[in-house]
Amino acid sequence: QVQLVESGGGLVQAGGSLRLSCVASGSIASINAMGWYRQAPGKQRELVAAITSGGGTNYADSVKGRFTISRDNAKNTVLLQMNSLKPEDTAVYYCNADVRTYYRYRSDVYWGQGTQVTVSS
């Protein structure tokens, strides 16, 4: 089994910064892409940022220039640095990872439990 544990959410004023962290653990053979999604009340879950095992990144237009995704492959960790936060960034943020375990040839996508980010105006 694989577990993803997020940390770093909280309450911040508009213009402030937060850094989210997600650590993957378990019977991990390799991790392909890792990413961050968010879901605001009454809205669908949306991609915020993603990063490949080689370091290629992809961002939602709404966060480009403000958020930075990075990863530490040795520690199975993905980070999301969020700067210049806006009230519309308020949501539950979820980490996900495309993981190949020692028990299956193919990979599967795993999700964390989510961490709340609230940006006050």
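Okay, strand β7, residues 67-72: one face is covered, with F67, I69 and R71, and the other is uncovered, with T68, S70 and D72. Strands here are DSSP E runs of at least two residues, numbered from the N terminus.

Quick caveat: this is a predicted model, where local features need pLDDT of at least 70, side-chain atom pairs count only at pLDDT 80 or more, and totals for chains, interfaces and linings use all residues. Numbering runs from 1 along each chain as its sequence is written, and side-chain values use heavy atoms, with hydrogens and water left out.

So who does β7 pair with? That's strand β8, residues 77-82, antiparallel over six bridges; pairing takes at least two DSSP bridges between the strands. T68 sits opposite Q81 of β8. The two strands make a hairpin with four residues between them, and N76 in the turn has a positive phi of about 50 degrees.

Now T77, which is in β8. T77 has 11% relative accessibility, so it counts as buried (under 20% relative accessible area; exposed is over 50%, partly exposed in between, with a 1.4 Å probe and protein chains only). A polar atom of the T77 side chain lies 2.9 Å from the backbone oxygen of K75. Beyond neighbours within four places in sequence, T77 is in contact (heavy atoms within 4.5 Å) with residues including C22, M34 and S70.

C22 and C95 have their sulfurs 2.1 Å apart. C22 is in β3 and C95 in β9, so the bond ties together parts 73 residues apart in sequence. The S-S torsion is about -75 degrees, so this disulfide is left-handed. Both cysteines, C22 and C95, are buried.

How values were computed:
Disulfide = S-S within 2.5 Å. Polar contact = N/O pair within 3.5 Å; in protein donor to acceptor, adjacent residues only side chain to side chain.
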